[in-house]
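Here is a brief report on one protein model.

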Amino acid sequence: MIHMGFSGLVAFFLIRVFKVVSPAKMTFEIYATCVIPISAFFASSLWFGNTAYLFISVAFIQMLKALMPVATFLMAVICGTDKLRCDLFLNMLLVSSGVVISSYGEIHFNVVGTVYQVTGIFAEALRLVLTQVLLQKKGLTLNPITSLYYIAPCSFVFLFVPWYLLEFPEMEVSQIQFNVWIFFSNALCALALNFSIFLVIGRTGAVTVRVAGVLKDWILIALSTVIFPESIITQLNIIGYVIALCGVVMYNYLKAKDVHSSQIPGDNIIDRSAKDLKMENRSSNLYILDENSNNSLGTKNGRNGSHLEVNVDEEAPLIPSLKGLLSRTKPS
């Protein structure tokens, strides 16, 4: 809640006070159908994800987060931003199998904590997909600052309600050691994280964000075993997570392959050959017309031909000039 409040406040000053960027043309329909659901799922992912730390270890939480590409893919298919394909679906089954094996090898397995974490994962997946829709599909131009300007205050409200109803009555203010610099630096890191997340989603996609976090998960798993000695990692944990990681890497490869294939020009060899043949016939006709013209019109036609040659070269620099085509079709 503090993170969202701080991010929204900074975004407000950057837009309304310092005029760093201009606010987007936000309509009530887009705000109701996109911003509010994104904020609600963002708050839910934070709420359920943080609650899971009370029941299960940090290392096991990072292993469960390997399910994020699976959840994001399923939500993208449901929301219509991705298509259901057999190869991707089998890849998702591989990731899920690895997570199941890793969960089976967990010594301190807790059902409640696992349910909290999985719920937070699916809420985060919905948030990522809806953010991608808001940034790319709705035709709305939002940079990271304007994204936080609209989403962070709404997420603050969604987090304030459960905090006030559930946590605040049990808080003893006298026992809280509130260090301003610790909270400020922590909120500043969260602000930088939110900026980077919205920027990456806008430039790439929702799944790429989760795939790029695989290295971070490995570092967290290694550090958690050092910082928290009670967090024991078994051999079955590692085997299951490696299987899930292989599925994540394969999914990343398939998506990169799709992007590469979509960038190949649409004209195939047959189409290009037909265009070249059409251009050759056109140039031959022009040559015959030039041979049959008389001397009085030849000078005029020559001037017009030069003018046409310049126009062709300027308008279509990748197409051979008319002069070159004439020289190729002219008999020796």
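In this predicted model, α1 packs against helix α7, residues 144–167, at an angle of about 145°, and their axes lie 8 Å apart. The crossing of α1 with α7 is left-handed. On the α1 side, the contact involves Met4, Gly5, Ser7, Gly8, Ala11, Phe12, Leu14, Ile15 and Arg16. These meet Ile145, Thr146, Leu148, Tyr149, Ala152, Pro153, Ser155, Phe156 and Leu159 of α7. By class, twelve residues of this contact are nonpolar, five are polar and one is charged.

From α4, Pro69, Val70 and Phe73 take part. Their partners in α5 are Leu88, Met92, Val95 and Ser96. The contact of α4 with α5 counts six nonpolar residues, one polar residue and no charged ones.

The table sets out the two pairs.

| Helix pair | Axis distance | Axis angle | Handedness |
|---|---|---|---|
| α1 and α7 | 8 Å apart | about 145° | left-handed |

**Overall make-up**

The protein has 14 helices and zero strands. Of its 332 residues, 35% count as buried. The protein exposes about 20200 Å², and carbon and sulfur atoms supply 66% of that area. How far apart in sequence are the residues that contacts join? Among contacts between residues at least 6 apart, 84% join residues at least 24 apart.

**Nonpolar cores**

In soluble globular proteins, nonpolar side chains tend to be buried together. Here the largest nonpolar core has 32 residues. Ile56, Leu64, Val99 and Ile121 have the most contacts inside this core. At least two core residues come from each of α3 (58–64), α4 (68–79), α5 (86–104), α6 (111–137), α8 (180–203) and α11 (235–262). Helix α4 supplies the largest share, six residues.

A second, separate core has 24 residues, including Ile145, Ile151, Ala187 and Leu191. Ile145 also belongs to the α7 side of the contact with α1.

What does isoleucine 56 touch, leaving aside its neighbours within four places in sequence? The contacts of isoleucine 56 are Ile61, Leu64, Asn110, Gly113, Thr114 and Gln117. Leu64 is itself among the core residues with the most contacts.

**Two single residues**

Serine 102 lies in helix α5. Is serine 102 buried or exposed? Serine 102 counts as buried because its relative accessibility is 2%, and the cut-off for buried is under 20%. Neighbours within four places in sequence aside, serine 102 is in contact with Phe60, Met63, Leu236, Asn237, Gly240 and Tyr241.

Lysine 19 sits in the loop between α1 (2–17) and α2 (28–52). Phi of lysine 19 is near 55°, a positive value in a residue other than glycine. Lysine 19 has a relative accessible area of 58%, so this residue is exposed, the cut-off for exposed being over 50%.

Technical notes:
Residues numbered from 1 in each chain as written. Predicted model: local features only at pLDDT ≥ 70, side-chain atom pairs only at ≥ 80, totals over all residues. Heavy atoms only, no water. Core = buried A, V, L, I, M, F, W, Y, C linked by side-chain atoms within 4.5 Å. Buried < 20%, exposed > 50% of the residue type's maximum accessible area, 1.4 Å probe, protein only. Helix = DSSP H or I, 4+ residues; strand = E, 2+ residues; numbered from the N terminus. Contact = heavy atoms within 4.5 Å. Areas by Shrake-Rupley, 256 points an atom, 1.4 Å probe, with all protein chains shown as cover. Nonpolar A, V, L, I, M, F, W, Y, C, P; charged D, E, K, R; others polar. Axes fitted to C-alpha atoms, helices over the stretch in contact; angles between N-to-C directions. Left-handed = near helix turned anticlockwise from the far one by under 90°.
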